[in-house]
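Dear colleague,

I am passing on the structure we spoke of, and I would be glad if you could look it over alongside the notes below.

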Amino acid sequence: SSKIRNLEVESTDDVAVVEDHIDFSLEKTISQMEEKLKKEGSPSCLDDDIIPSTGNEIGAEAQLRLLKAKLCVMQEELDSVVCECRKKDDENQNLKSQLKATEEENSRLQRTISMQLSHTEKYKMLSQEANKKSEGLQQELIAVEKVLQ
């Protein structure tokens, strides 16, 4: 839109000033066309209103300049959207790689937890066996002490 604002149109016999349409935006034009389509029902009823109502009153050269300026604005908007899409794609790729790394880390931690649980069970069994052996030895010690007395 900055190019349109900088567009200077001189008043001559076949050129009108397009000040009323300096704030042209692609989004606004599209929404207007969609509204017309909804009201009238078929695309054949639509007027191709790319050039505003004053477009009929201005000369061909001015219409051409206006259309070129609108094309530049639409190209800038398209470039902006494409750039934004590329940024979003890059961000998605980064997030996908982070997700993959997180899933790998999660898998590794799950294996570690599983291994530690099996070690815990093993040591519980060893502890129980040691306690039983200790109780047996305590019983023997008591029996030996009675024999010695």
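This is a predicted model: local features need pLDDT of at least 70, side-chain atom pairs count only at pLDDT 80 or more; totals for chains, interfaces and linings use all residues.

Among the contacts with a separation of 6 or more, 48% are made by residues 24 or more positions apart.

Helix H3 takes up residues 60–148, which is 89 residues, and its first and last C-alpha atoms are 128 Å apart, close to the 132 Å expected at 1.5 Å a residue. The buried residues of H3 are Ala62, Leu66, Ala69, Lys70 and Val73. For residues 85–112, the UniProt record, an unreviewed entry, gives the feature "coiled-coil region"; in the model this span is 100% helix and 0% strand, and its end C-alpha atoms lie 40 Å apart.

As for the cysteines, the structure holds zero disulfides. The sulfur of Cys83 has its closest cysteine sulfur in Cys85, but the distance is 9.4 Å and therefore too far for a bond, given that a disulfide requires the two sulfur atoms to be within 2.5 Å. Cys85 is accordingly in no disulfide either, the nearest cysteine sulfur being that of Cys83. Both residues fall in the intermediate class of accessibility, since Cys83 is partly exposed with a relative accessible area of 38% and Cys85 is partly exposed at 42%.

Turning to charged side chains, the count comes to one salt bridge, and that pair is formed by the side chains of Glu105 and Arg108, at 2.6 Å from N to O. In general, side chains of opposite charge can pair when their charged atoms come close. Glu105 and Arg108 both belong to helix H3, where they are three residues apart, or about one turn of the helix.

How values were computed: Residues are numbered from 1 along each chain as its sequence is written. Side-chain values use heavy atoms; hydrogens and water are left out. UniProt positions are given in the numbering used here, feature names are shortened, and annotations may be inferred rather than shown by experiment. Helices (H or I, at least four residues) and strands (E, at least two) are DSSP runs, numbered from the N terminus. Buried means under 20% relative accessible area, exposed over 50%, partly exposed in between (1.4 Å probe, protein chains only). The expected span of a helix is 1.5 Å times one less than its number of residues. A salt bridge is a side-chain nitrogen of Lys or Arg within 4 Å of a carboxyl oxygen of Asp or Glu. Contact means heavy atoms within 4.5 Å.
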